[in-house]
Each structure stands twice: as structure tokens, then as C-alpha cells.
Amino acid sequence: MKKIYKHPVMLFLLASMAVISSCKKSFLDKQPQDQISTAIFYKTASDAQQGLTGVYASLKQGFNGAGKVYQDCLADNAYANFNSYDANNIQLGNYATTNSAVNTVWNANYAGIAQCNLYIANVTPIAMDAATKNQYFAEVRFLRAFFYSNLVNRFGDVILYDKAATLAQATAPVAKTPKAQVLAFINSDLDFAIANLPDAAFNGHVVKGSALALKAKVALFNQDWTNAVALTNQVITGGKFSLYADYTGLFFRKNQDNNPEIMFSTNYKAPNDQQETNGLDIEIGWWMAINPFQEMVDSYETADGKLITDPTSGYTRAKQYVNRDPRLKASLRGADQPWYNPDGSLVTHDGNTSKTGYQMVKYIDSTLFPMGYSHTNDRDENIIHIRYADVLLMYAEAKNELSGPDATIYAALNQIRARVHMPNVNQALYGSQSTLRDFIRHERRIELAFEGNRYDDLIRWQTAEQVMLKVKLPGNSPPPINFDPSKNYLFPIPQNDLTIDPLLKQNPGY
């Protein structure tokens with residue numbers, strides 16, 4: 001008797017295919033217009049347009065949705081107050097094959113890939129305008145590239161599904177594809193997206209600039225400095241994006257539609273399409289679920305651009321929020337600081353306390369207080385994956401690695417700093433390639449704090465073993481951190497998939 005192997009993603013594919021094969025046109029009419037399932041019997045151009053919404057909805061899972069901010073708790077920026085996604089175990093170096101963060105990255109991205117492949121398979125036969133169809137496919141192939149880039153960044157070699165599964169594929173064991181081949185597939189998808197997406201500002205659907213920026217991210221992660229410089233420079237000179245004047249307000253829903261800085265985000269629309277679980281307002285604001293470390297607080301410069309370790313900075317711990325980089329208050333607060341509702345009453349925290357003495361506040365719009373369960377369905381901040389400041393930082397990093405400091409690098413960094421009224425980069429202090437590298441990495445940490453980028457940065461810089469060992473976890477006797485560079489630069493393959501597939505091999509060291 002033949003043994004059947006079914007990966008979780010394949011089970012998803014088979015279930016969707018079964019629904020597609022049996023559904024009627026009336027099924028489409030019963031679906032909410034803002035949340036069309038991918039399991040649709042596609043017949044018309046209108047079906048293809050509405051089905052695209054279902055593909056975008058696949059972003060709303062795990063770290064690709066509102067959970068993205070918890071990725072800073074895998075690194076050295078913050079502590080997960082309730083060990084969300086088993087983040088505290090990753091910080092300790094306990095990369096178990098059953099870890100929630102490990103399984104979340106694997107399953108959420110493969111579920112998204114399945115949605116993309118199903119869409120392409122079912123829309124291909126539709127008779128419709130060719131240019132419009134290519135644009136839809138370009139959006140879907142962008143998303144597929146995004147999902148695959150998340151997988152290769154964390155796992156290296158992964159299973160490559162380039163099309164919707166057949167029954168034979170879904171019931172057969174399958175091996176991993178070499179990372180280089182997956183990267184080539186990602187870049188092919190992004191090249192198609194760049195060629196077929198509109199050269200316009202982001203409006204909830206990805207555009208050419210989104211694809212250029214994602215391809216630059218892929219190049220940067222793999223130290224392809226030449227392409228990273230060329231791609232980011234194309235975005236910069238294209239003029240379709242710019243820094244939004246209000247750094248704090250950039251993360252509030254009321255400012256996010258047609259925002260000139262946002263290039264790609266997971267979008268929500270209350271009250272029927274709110275953030276997953278309870279939403280960031282409750283989890284991060286009310287429950288204090290993400291607690292920044294003291295070292296993170298200390299990393300912010302003083303308002304005149306000095307590190308607090310500089311004896312001339314004037315910094316004192318007693319007045320640590322005074323005369324600091326404005327991004328500090330925009331991103332976190334001391335749990336002992338008063339926080340007020342619009343009516344003047346003090347904010348309460350449902351009985352929770354911070355384990356580090358600090359609380360993340362980025363994405364939390366205090367004008368919408370009071371917080372509480374009555375507001376679960378009306379919080380819908382879009383979760384930003386790529387923004388223009390990130391493009392400027394990527395350009396600065398890649399250009400410095402490629403050819404060392406020059407005026408264009410300082411100009412890119414100074415744009416970011418000017419937005420928050422911080423002084424220009426001190427070229428006397430940061431005039432060599434190595435010192436400027438350190439500054440760019442520091443600026444990236446500060447500018448993108450609590451946006452879910454820090455862990456990937458430490459992995460691609462290969463600095464995690466030095467950085468993570470310096471983290472001081474809360475508690476009187478916290479266990480020692482043990483990041484093992486011989487294996488922990490990759491996640492382990494989830495145990496469930498290893499159990500059901502004899503051809504799928506575990507990553508080295510696990």
C-alpha cells in the first residue's frame with residue numbers, strides 16, 4: 001500500500017482545489033466583497049479582480065501581519081512579556097523544531113505561496129485584457145517573491161513550489177531546493193513584477209517601486225551590493241516616494257492611506273477587517289506585550305547627535321527622556337511614565353506590568369484611547385513592510401560596502417535624520433568605511449525600531465553571536481543566552497514536516 005505524504009501546505013492546496021472544482025457562480029455572490037476567498041470558481045475578469053483581494057489577505061498571518069512587530073523580540077530590541085511566538089526561547093538560543101516562531105514563518109509563508117499559485121492557475125484561462133491580467137499576475141508574483149524571501153532568509157534551502165499542486169505532487173515526498181535556485185526564482189518573479197506593475201505611488205496594491213525595493217532587500221540580504229545600489233537608486237531617482245513629515249504619525253491608521261513613504265504594507269479596514277487576534281492597541285498598548293530592553297533605550301542619541309556614553313552629551317539617567325532623539329518617545333515609553341486618555345484620565349494596563357520597565361508605543365495611537373476589549377474591532381493600523389526610509393538606509397549600506405563613504409550616502413542618511421530634527425552625520429567621526437558601517441547599522445536600528453526588521457539584520461550581518469550574548473534578560477537569575485553560530489543563523493525545519501516527508505532533511509546542527 002502506497003504511503004501518503006501530505007505537507008500542511010499541500011493539504012491547504014488540496015482543500016482549496018476541491019472547493020474550486022465543486023463550487024458554483026453563486027458562491028462568489030455570497031462572499032464579502034472585501035474578503036474574497038481564493039477558493040473561487042473563476043470565470044470572468046471581475047472574478048480575477050475580486051480574487052486578488054484573497055491573495056492579499058494571505059498576508060494577514062503570523063509575522064506578515066500584525067505579528068510582525070514581535071520579531072524584534074527574537075533579537076536584542078525587546079522582550080516578549082508573554083513569550084508570544086516562543087520569542088523568549090529564540091532569544092535564549094533554544095531553536096526547537098517545534099518552536100512557534102519557527103513554525104509560524106514556515107507555515108504562514110507557504111500558505112501565502114499556495115494562495116498565489118492557485119490564483120495564477122485559475123486566472124490564466126480567463127479571457128480578459130492582457131495588460132490587466134499581467135498586472136494582476138505581477139502583484140501576485142510580487143507577493144510570492146515576498147513569501148519566498150522570508151523563507152530563504154530564515155531556512156536557507158527550502159521546498160520550491162512554482163505552480164499549484166497536482167494530486168500526485170500533494171501525495172509524494174519532496175526535497176528542498178538549493179537556496180541559489182530559490183533566489184533565482186524570486187528574482188524572476190520580481191523582474192516580471194517590475195516590468196508589469198504601474199510606476200505609481202503605493203495605494204494598497206503593490207507598484208513598480210515596491211518590487212524594486214523588495215528586489216533590493218533580497219540583494220542586500222545576500223550581499224549583492226552592486227544590484228542593491230542600482231535598485232535603490234532607481235527608487236530614489238524615480239521620485240514616486242518620499243519621507244512623510246511626521247515620524248510618529250506614520251504608524252497611525254489615519255495617516256496611512258496614500259502615504260508617500262509607505263511602499264508595501266499589510267492593510268486592514270475596521271470594523272470588518274481588523275488586525276489579527278486582539279490587535280496591537282490591546283496587545284502592545286493595554287497588555288504591554290513588548291518590553292524594550294534598557295540597552296535599546298540607551299542606544300538613542302541625544303538631540304545634538306551624541307551617544308549617551310559621550311562625556312560631553314549631558315545625559316543623566318534621572319532625565320533620560322530629556323534632550324534625546326525624538327524617535328525614542330515615538331517608539332517606546334517608560335512604564336512608570338504617566339500616560340493619559342483624551343479625557344485626562346490615566347491609562348490602565350489590565351493589571352499587567354512591563355518586565356523591563358519599558359513599553360513599545362510605535363503603532364499605538366493614543367488619540368483613540370481608552371484601550372480595552374470594546375475596541376477590538378476598530379483598530380486597523382496597516383503593518384509596514386517596506387518604506388522609503390528603509391530604501392535610503394539600504395542605499396547607504398550597499399553603497400558604503402561597495403565603494404566606501406561618499407556624499408550620496410551622507411545625503412541619504414541626513415534626509416532621514418532631518419525628518420526628526422536630528423543633526424547631520426558627523427563626517428569627522430564617521431569618515432571611514434568601517435566607522436560609517438557602524439553608524440548606518442545603528443541608524444537602521446533606531447529608525448526601524450519595533451517594525452520587525454532587527455532579527456533579519458543581525459542574521460544577514462552575521463553579528464548575532466556577539467550582539468545576543470550581551471542581552472540582559474529580565475529576572476533575578478535569567479538563564480544564559482547561547483546563540484550557536486554553527487547552526488542558529490538558520491532556523492530548523494519544523495518537526496511536523498520532517499516527520500511526514502522522508503526526503504526533507506533537517507538544517508545542519510539540529
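This is a predicted model: local features need pLDDT of at least 70, side-chain atom pairs count only at pLDDT 80 or more; totals for chains, interfaces and linings use all residues.
In soluble globular proteins, nonpolar side chains tend to be buried together. When residues up to four places away in sequence are not counted, Y148 touches Y110, I113, V158, I159, L160, Y161, V182, F185 and I186.

The loop between helix 7 (167-170) and helix 8 (179-196) holds V174, and T177 is found in the loop between helix 7 and helix 8 as well. T177 has a relative accessible area of 11% and is therefore buried, since buried means under 20%. With neighbours within four places in sequence left aside, the contacts of T177 are D157, V158, I159, L160 and V182. V174, by contrast, has a relative accessible area of 23% and is partly exposed. Although V174 and K505 are 331 residues apart along the chain, their C-alpha atoms are separated by 9.9 Å.

Helix 14 (residues 388-403) packs with helix 16 (residues 433-447) at an angle of about 165°, and the axes of the two helices lie 10 Å apart. Because angles over 145 degrees count as roughly antiparallel, helix 14 is described as roughly antiparallel to helix 16. The crossing of these two helices, helix 14 and helix 16, is left-handed. On the side of helix 14, the contact is made by A389, D390, L393, M394, A396, E397, N400 and E401, while helix 16 contributes Q433, L436, R437, I440, E443, R444 and E447. Sorted by class, the contact of helix 14 with helix 16 contains 6 nonpolar, 2 polar and 7 charged residues.

Helix 17 (residues 454-461) has 8 of its 8 residues buried, so this helix is largely enclosed by the rest of the structure. The buried residues of helix 17 are R454, Y455, D456, D457, L458, I459, R460 and W461. These buried residues pack against several helices, among them helix 14 and helix 16, and also helix 6. The remaining partners of the buried residues of helix 17 are helix 4 (87-92), helix 9 (208-221) and helix 18 (464-468). Just after helix 17, Q462 adopts a positive phi of about 60°.

How values were computed. Residues are numbered from 1 along each chain as its sequence is written. Side-chain values use heavy atoms; hydrogens and water are left out. Axes are lines fitted to C-alpha atoms, for helices over the stretch in contact, and angles run from 0 to 180 degrees between N-to-C directions. Helices (H or I, at least four residues) and strands (E, at least two) are DSSP runs, numbered from the N terminus. Angles under 35 degrees count as roughly parallel, over 145 as roughly antiparallel, 65 to 115 as roughly perpendicular and the rest as oblique. A crossing is left-handed if the near helix is turned anticlockwise from the far one by less than a right angle, and right-handed if clockwise. Contact means heavy atoms within 4.5 Å. Ala, Val, Leu, Ile, Met, Phe, Trp, Tyr, Cys and Pro count as nonpolar, Asp, Glu, Lys and Arg as charged, and the others, Gly among them, as polar. Buried means under 20% relative accessible area, exposed over 50%, partly exposed in between (1.4 Å probe, protein chains only).
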